[in-house]
Each structure stands twice: as structure tokens, then as C-alpha cells.
Amino acid sequence: MTSETQARSGAGALRLALIVLGVALLAAAPFFFYPIFLMKILCFALFAAAFNLLLGYTGLLSFGHAAFFGGAAYVTAYSVKEWGLSPELGVLLGALAAAGLGLAIGALAIRRQGIYFAMITLALSQMVFFFCLQAPFTGGEDGLQGVPRGYLFGIIDLSQPLAMYFFVLGTFLLALFAIHRIVHSPFGTILRSIRENEQRAISLGYSVGAYKLSAFVMSAALAGVAGGLKAIVFQFATLTDVTWQMSGEVILMTLLGGIGTMLGPVVGAGLVVAIQNSLATSAFPVTVITGVIFMVCVLLFRRGLVGELLASRLGRRLGAGGA
């Protein structure tokens with residue numbers, strides 16, 4: 001076995017060990033921390049990871065991802081409360097609704113690039129916001145409240161915090177695994193080539209528009225899963241979930257952690273939610289603190305927290321190889 005093969009084998013074993021350790025820590029976390037707080041982090045971490053699939057791996061900056069997150073929250077809350085669907089079916093229906101909405105918005109938005117793409121997504125997202133504000137079944141400014149958590153698969157009572165937590169954790173891990181498989185597949189390779197040089201991808205014969213739209217719909221569906229989970233966890237869906245501020249918040253989470261990385265959005269979401277939670281009772285504006293932290297990270301960690309760590313590790317590896 002060559003030294004290069006041994007190094008790859010060792011890196012793979014280390015990665016697997018870190019994954020197992022991370023899952024074990026997440027499984028033990030609700031016994032030491034408030035489960036609702038942890039579930040909020042997991043929901044927003046999934047939302048940020050879904051957004052990162054579009055921005056980090058496809059190079060498309062959307063200012064309207066709250067439409068999928070909040071839209072799915074409303075669909076899940078309504079279907080569970082009014083139709084009596086089980087929570088897993090409610091989340092699935094919310095994800096399907098988000099995917100359909102992503103198909104409609106994406107089909108219009110991908111016709112443009114850069115800031116024009118971003119502004120189209122923002123405009124269409126605002127249309128979703130005003131629909132949720134005025135539609136009779138969304139509850140208007142009051143939103144949908146009193147959403148029952150119900151029974152998972154008709155057996156597990158999700159009104160128990162631990163049961164709810166492990167449902168959210170399992171869904172989060174499955175979604176993160178799906179994102180990992182997408183970005184490390186031939187499809188993901190093509191997405192990265194589009195991000196790096198779209199004209200070259202076109203010259204190679206790839207249908208760039210179809211790949212962009214596929215990535216947009218996948219990102220919207222995963223964001224919908226996050227929104228549906230949040231509606232079940234907190235038992236309500238409100239206009240806060242579909243505002244443009246929510247779209248800005250997920251962009252902040254992704255940039256803080258590091259775009260184009262698997263763990264970056266998770267770390268960024270955890271940091272932002274932790275700051276919001278710790279300063280919830282403070283008289284000092286949370287947005288100011290968040291903005292200052294964002295400015296510091298942009299100046300000192302231009303690739304994000306996780307991105308800089310990976311870059312420094314790669315630099316040390318290349319330096320050792322050159323030596």
C-alpha cells in the first residue's frame with residue numbers, strides 16, 4: 001500500500017470517526033440542553049444547508065428562500081391542524097408544496113443571472129408573503145396557531161420533547177445525507193462546473209438551465225422540510241417565516257459558516273440561533289450584535305468559519321507534501 005493510499009484511508013477513517021462522534025453528541029444533547037432550543041438549531045441548520053446547495057454548489061444567490069421555508073410551514077400546519085394528517089405526512093406535503101413553488105419561481109428566475117436573478121426571487125417571494133397575509137386560511141397576521149404535534153406513524157407521541165427531538169434529528173440527518181449524496185454525485189460535479197464557468201459548461205453540451213432548475217427545486221424542497229419541521233416543533237406558522245428578513249437570515253447563516261461546505265451552514269445556523277437565544281431578554285438589539293459578528297467574520301474569515309479551517313488544513317497538507 002502506497003503512502004498516498006494510506007493517507008486517504010486514514011483520512012476516510014478519521015472522517016467516519018468524526019461523523020459517528022457528531023451523531024453521538026447530537027443524540028446526547030437533549031439530556032443536557034433545552035430540547036426546543038436544539039430543535040430550532042436543527043431546523044435552521046437544515047434550512048441553511050438547503051440554501052447552501054443552491055448558493056455554495058450552484059452559484060445562485062436567492063433572496064427569496066423564505067417563500068419555501070414559510071410556505072411549507074403554512075401547508076404543514078394547515079394540513080395537520082385542519083385535515084388531521086400525521087406529522088410525517090404533513091412535513092412531506094409541505095416539502096412537495098415547496099418543491100412545486102420552487103419549480104414555478106425557478107422557471108422564471110433562472111432566465112436571468114446575477115443580481116437580476118436575486119431580485120426576481122425576492123419579488124416573487126414577496127408575492128408569497130402578501131398571499132399568506134391575505135389568504136383566509138392562513139390566519140393573516142395571527143398565523144396558524146395550536147398546531148397539534150400528533151403521533152409519528154400513529155404510534156410515537158410527539159408531544160413528548162425527547163420523541164419530537166429525535167424525529168427532528170432523524171429527519172435532519174437524512175436530509176443532510178441526501179445533500180451530501182447530491183453534491184458528491186456526477187450531478188453535483190456538473191453543478192460545480194456551472195458555478196465555476198457556466199459558458200464552458202454550455203460549450204460541453206450540458207443543459208445548464210435544466211441543471212439550475214433541478215438544483216433550485218431540490219433546494220426549495222429541502223427548505224420546505226425545514227419549514228414543516230419548524231411548524232410542528234413550535235406548533236404554529238406565522239408571517240415571520242415568509243418575510244424577506246428570513247431570507248436574509250439564512251444568507252447570513254450560510255456565509256458565517258462557509259459556503260460550499262457541508263458543515264458550514266450548520267455551524268452558522270447554530271451560531272446565529274445561539275446569539276438570538278442568549279440575547280432574547282436583553283435590551284440591546286440582537287440585529288446589531290449579529291451584524292457586528294458578521295462584519296468581523298467577513299473581515300477575518302472571508303471563507304466563513306468552517307471554510308477557513310478547511311483552507312488552512314489544505315494549506316498545511318500541501319506544505320507537508322512539498323516538503
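Helix 4 has 23 residues, which at 1.5 Å a residue should span 33 Å; its end C-alpha atoms lie 32 Å apart, in agreement with that value. The expected span is 1.5 Å times one less than the number of residues. Helices (H or I, at least four residues) and strands (E, at least two) are DSSP runs numbered from the N terminus. The model is predicted: local features need pLDDT of at least 70, side-chain atom pairs count only at pLDDT 80 or more, and totals for chains, interfaces and linings use all residues. Residues are numbered from 1 along each chain as its sequence is written, and side-chain values use heavy atoms, with hydrogens and water left out.

- Leu101 belongs to helix 4 and counts as partly exposed because its relative accessibility is 25%.
- Leu101 is in contact (heavy atoms within 4.5 Å) with Ala67, Phe68 and Val128, leaving aside residues up to four places away in sequence.
- The C-alpha atoms of Leu101 and Val217 are 8.2 Å apart, although 116 residues separate the two in sequence.

**Loop residues**

- Ser86 sits in the loop between helix 3 (66-82) and helix 4 (87-109), and its 19% relative accessibility is why Ser86 counts as buried.
- Beyond residues up to four places away in sequence, Ser86 touches Val80 and Tyr151.
- Gln235 occupies the loop between helix 9 (208-234) and strand 4 (236-237); at 33% relative accessibility, Gln235 counts as partly exposed.
- The phi of Gln235 is near 65°, a positive value in a residue other than glycine.
- Most residues other than glycine have a negative phi.

**Packing of helix 10 and helix 12**

- The axes of helix 10 (residues 244-257) and helix 12 (residues 286-300) come within 10 Å and cross at roughly 35°; axes are lines fitted to C-alpha atoms over the stretch in contact, with angles from 0 to 180 degrees between N-to-C directions.
- This crossing of helix 10 and helix 12 is left-handed, that is, the near helix is turned anticlockwise from the far one by less than a right angle.
- Leu252, Leu255 and Leu256 of helix 10 meet Thr290, Ile293, Phe294 and Cys297 of helix 12.

Terms used:
Buried < 20%, exposed > 50% of the residue type's maximum accessible area, 1.4 Å probe, protein only.
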